[in-house]
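Please examine the structure shown below.

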Amino acid sequence: MSAVITDTSQAAATPLVRLSKLNKHYGDFVAVDNLSLDIHEGEFLTFLGSSGSGKSTTLSMLAGFETPSSGEILVQGKSLINVPPHKRDIGMVFQRYSLFPHLSVRGNISFPLDIRKLAADECERRVEAMLKLVQLESFAHRRPSQLSGGQQQRVAIARALVYEPRILLMDEPLGALDKKLREDLQDELRHLHRRLGITIVYVTHDQEEAMRLSQRIAIFSHGRIVGLGTGQTLYQNPPNAFVASFLGNSNFLQGTLTGNASVQFEQQALAIKPQNLPLNSDVLLMVRPEKAQVLPLDAPTPLLTGWNEITAQVSEVVFLGDSLTCSVVTPGGSRLTVKALPHGQAPLHSGAQVRVRWAAADACVYSEWNAADLSKSAAH
Amino acid sequence: MLLSPNAMGRRLRYGLFCTTAIIALFLLLPIVFIVLLSFGSSQWLIFPPPGWTLKWYGQFFANEQWMTSALVSLKVAVLTTICALALGLPAAFALVRGRFPGRELLYALFTLPMIVPLVIIAVAVYALFLKLGYTGTLFAFVVSHVIVALPFTVISLINSLKLFDQAIEDAAVICGASRLQAILKVTFPAIRPGIVAGALFAFLVSWDEVVLSVMMASPSLQTLPVKMWTTLRQDLTPVIAVASTLLIGLSFLVMLIAALLRRRTSPTR
């Protein structure tokens, strides 16, 4: 009994895919920089990053279309480096569907089985099952050009799943579709993954899509993974200032450490989560707009313990239907954005003096950052 | 609006119509002329023909020399087409997909026979084959025709291969097909219109080639255009008009088949 239990725990511990110290150079350009990553059996992992961050190159190396300059790719402990792409037993869905234009929907889906010379009745059974899975039974005889974008992508998914690959790679598969259809297919894809339990590695530059789909997200920047974890963890506790500014909106306040849990910010003392950093070191606080509150100066609400308060002047208020975005400027010139509910408070107007509050526990603290990381949030 | 289609358009459209009609007539006239002459009863190629007859067609088909040369033409054109495709397909893949120094130069080299005067190629090939003793052979005809047909084939193949999204071929590879299988089973069917066009160009270039063929020909082995050329220098019989008509007829037929094939292969929306 105990041997069985050890076995399963070991199986869970060894990842399905292990990328180890992977590098890819094109001349002087470093596309992927010493990247290591474990992908677990059955998980939905998304590579998220802007274009040129190395996410697609990493996926290409996993598929076998690009050869790493150095490093190792292991699947179930075996190296894939010298295995050509057609023998890797990997499924892939491409951005522009990439269906075979001269074959029908059925022909497209049965192509991988025909190549493998599967028995006709088995092939027939699997294709029917796939057609049913992607709800295209009545379109089986159509050519790809006679289908909508969403239908074409469903054919591509069926074609990638029909031979039951170990891993399914998806390279921005919904990028060419409009927003509504994309959201529908995202839901479909999530349900499909949870139902079939296959391992999916998904590439996108759309963070909302990454959040919607994935169990884990790997955030790419300059060929490295700069953040890895669930969407929730990455959003609420970004490991660094880049991830904080890349994911969602963020306010950054620069200050100097005056104690292990206090910071001097523009002549005001602010409380922070206890830090293990030398005194007088420069730190960066990050507060999400929805974690901050904005109150009129004369509001009688008392300040709770563990909360910070600073005064600021409203520069702009934008009504967004379900919320308000209020931009404020501190006396020292720092800009903050606060997301507030449109009701329940005295109306805000630009020029008004306000108090901005947030709980010390909700602010992240960083001791190292690049100025470029922060300006990225302004570009959003 | 000075240039609005309604105000300006009418006169402009009328003018364009007339110009186009005149140009079309200018291009078609020799063909119409020769076709009519092949049915004319005068043996001096008088136009308009005094009467109509099929006599010259009878003479053409009864003459073994004419029939042999027509057959040689067909044989050379088919072989040229096959060779142009066999060489053109790998060349097109290399020129479109290859990332190597001198790719542009190689492309220029492949299209060079289109620019170099035909006579120069003919003299060069003739000199070489004369030395090797290949003149008057089928081999000499095919090789020389492939030289001039290849640029047309390669350009047609390159264009269709450039339009083909390579991710489709990659999709076939990740589905389990080797690169060669993917090219044969997916890429070739997808670029079939380009392959057909490239083949037709090669066929047509060879079918009515005369400059090279005159050099390569021997009394016992000559193509239809060469036979016409040599006959023309001896006497002016309407049988030449018949040969011309048949030459044009086959070219026309090939173009028609190409058009029909293109219509059938193009996806219906």
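B:Leu118, B:Ile121, B:Val125 and B:Phe129 in α5(B) meet B:Ala140, B:Ser144, B:Ile147 and B:Val148 in α6(B), where two residues are in contact if their C-beta atoms, placed from the backbone, lie within 7 Å. By class, this contact of α5(B) with α6(B) comprises seven nonpolar residues, one polar residue and no charged residues; Ala, Val, Leu, Ile, Met, Phe, Trp, Tyr, Cys and Pro count as nonpolar, Asp, Glu, Lys and Arg as charged, and the others, Gly among them, as polar. The model is a predicted one, in which local features need pLDDT of at least 70 and side-chain atom pairs count only at pLDDT 80 or more, whereas totals for chains, interfaces and linings use all residues. Residues are numbered from 1 along each chain as its sequence is written, while chains are lettered from A and ligands numbered from 1 in the order in which they are written.

The spacing of the contact residues can be read against helix geometry. An α-helix has 3.6 residues a turn, so residues three or four places apart point the same way. Helix α5 of chain B covers residues 118-132; helices (H or I, at least four residues) and strands (E, at least two) are DSSP runs, numbered from the N terminus. The 15 residues of α5(B) reach 21 Å from the first C-alpha to the last, close to the 21 Å expected at 1.5 Å a residue, the expected span being 1.5 Å times one less than the number of residues. After α5(B) comes B:Gly133, whose phi is positive, near 75°.

How are α5(B) and α6(B) arranged, and at what angle do they pack? Helix α6 of chain B (residues 138-163) packs with α5(B) at an angle of about 150°, and their axes are 11 Å apart. Axes are lines fitted to C-alpha atoms, for helices over the stretch in contact, and angles run from 0 to 180 degrees between N-to-C directions. The two helices α5(B) and α6(B) are therefore roughly antiparallel; angles under 35 degrees count as roughly parallel, over 145 as roughly antiparallel, 65 to 115 as roughly perpendicular and the rest as oblique. The crossing of α5(B) past α6(B) is right-handed (left-handed if the near helix is turned anticlockwise from the far one by less than a right angle, right-handed if clockwise).

Seven nonpolar, one polar and three charged residues make up the contact of α7(B) with α8(B).

In total, 18 residues of chain B are in contact with 22 residues of chain A. On the side of chain B that touches chain A, the elements giving two or more residues are α7 (166-174) and α8 (179-190) of chain B. Of these, α7(B) gives the most, with seven residues. By class, this side of chain B has 12 nonpolar, three polar and three charged residues.

An open sheet of six strands has the order β6-β7-β8-β3-β9-β10 (chain A), with mixed pairing; two strands pair if DSSP finds at least two bridges between them. Its edge strands are β6 (90-93) and β10 (224-229) of chain A, each of which pairs on one side only, and the twist averages 20° from one strand to the next. Within this sheet, β3(A) (residues 44-48) and β9(A) (residues 216-221) pair in the parallel sense over four bridges, with A:Ala218 in β9(A) as the bridge partner of A:Phe47. By contrast, β9(A) and β10(A) pair in the antiparallel sense over five bridges. They form a hairpin with two residues between them, and A:His222 in the turn has a positive phi of about 50°.

Another open sheet of chain A has five strands in the order β15-β19-β16-β17-β18, with antiparallel pairing. There β15 (293-296) and β18 (335-340) of chain A stand at the edges, each with a single partner strand, so one side of each is left without a neighbour in the sheet. The twist averages 45° from one strand to the next.
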